Amino acid sequence: MRDQAADKLGPNELDLLLCDEAHRLTERPMTGSFSMRPGESSVSVIVSRAKVPVFFIDGDQRLFAEEIWSEKELIEAIHELRAEIVPIHLDRALRAVGSSTYDTWVQRLVLGDPLPWNPDAGEDREPFELYYTDSAAQMETFLQSKLDAGLSARMSAGMCWKWTDDTGTAPDVAPEEGWARPWNAGDNHTTPGVPKRRFWATDPGGFGQIGCVHTAQGLEYEWGGVIMGPDLTWTSDSWALNRQHVHSKASRVRSDDELAERVRNAYGVLMTRSIRGTVLYSVDPATRQLFADLGVPKI
């Protein structure tokens, strides 16, 4: 939308313009070849084209080097444009059956300051279900049972396996011996029975492919399985980044500290796509032990 606004709209031509996922804005609007256009910033385009621009931003979902707008930088840019800012802070997630417990648990986990999972603490039982497993095959079997019960379920993974084709058939995601599945297909393939990327979360054929963070971000399903690869593993008291296993465009981030943050953000996104429950699996034994030590039930 910001690209269209830059080309086709004049100052204050819209009464209201909503910018969802403002943390994904690039420095300036992009051309069709994904290079930066000359001229004003993406924030300037949105602010100047509408009488009331609204930005929804979540800094914990910034993934790639070109996603430069943190909340602080966004506010500073709007101030420079001499626009009035009315901040509204949303303090809980609505996706995971409204579970603030799970939302907080994921936030603390990806920050490297994990909390025990206590779903039965307090008077009311925690409505969200969380499990971990020792294998991707077990995860798939468990989620298949949810599908068989009439619920929606999908598996996703960190971008630590290469993507060799766009057809949704090459078994690229291979976290354990004897088990491999394809990444979700793109939008231009013609493979029978395989949904195009934009329908991966809703078409029944989507369960056969592993969703990546590009595809899963912004979508939801009732049950989700998250495969954590060797790009992010747990040491004795913190997350360790293994840059050589990062195969997304986040690898363009030069700072190891910043790249580690973006990889943690990616897993946070994947873990919060589910409405009713999540199953976690890591290729790393120490990370699986962390889940066990935190009291996450095993399937």
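Student: Is tryptophan 183 buried or exposed?
Tutor: Tryptophan 183 counts as buried, because its relative accessibility is 2%. Buried means under 20% relative accessible area, exposed over 50%, and partly exposed in between (1.4 Å probe, protein chains only). Bear in mind that this is a predicted model: local features need pLDDT of at least 70, side-chain atom pairs count only at pLDDT 80 or more, and totals for chains, interfaces and linings use all residues. Residues are numbered from 1 along each chain as its sequence is written, and side-chain values use heavy atoms, with hydrogens and water left out.

Student: And tryptophan 163, what's its relative accessible area?
Tutor: Tryptophan 163 has 31%, so it is partly exposed.

Student: How many aromatic pairs are there?
Tutor: The count is eleven. Rings of Phe, Tyr and Trp (its six-membered ring) pair if their centres lie within 6.5 Å; planes under 30 degrees apart count as stacked, over 60 as edge-to-face and the rest as tilted. Tyrosine 102 and tryptophan 117 make an edge-to-face pair, at 6.1 Å centre to centre and 90 degrees between the planes. Both tyrosine 102 and tryptophan 117 are buried.

Student: What about the rings of tryptophan 163 and tryptophan 183?
Tutor: Their centres are 5.4 Å apart and their planes at 10 degrees, so that pair is stacked.

Student: Which residues form an aromatic cluster?
Tutor: Tyr102, Trp105, Trp117 and Phe128 form one.

Student: Switching topic: how many disulfides?
Tutor: Zero in the whole structure, where a disulfide is a pair of cysteine sulfur atoms within 2.5 Å. Cysteine 212 is buried at 1% relative accessible area, and cysteine 19 is buried at 9%.
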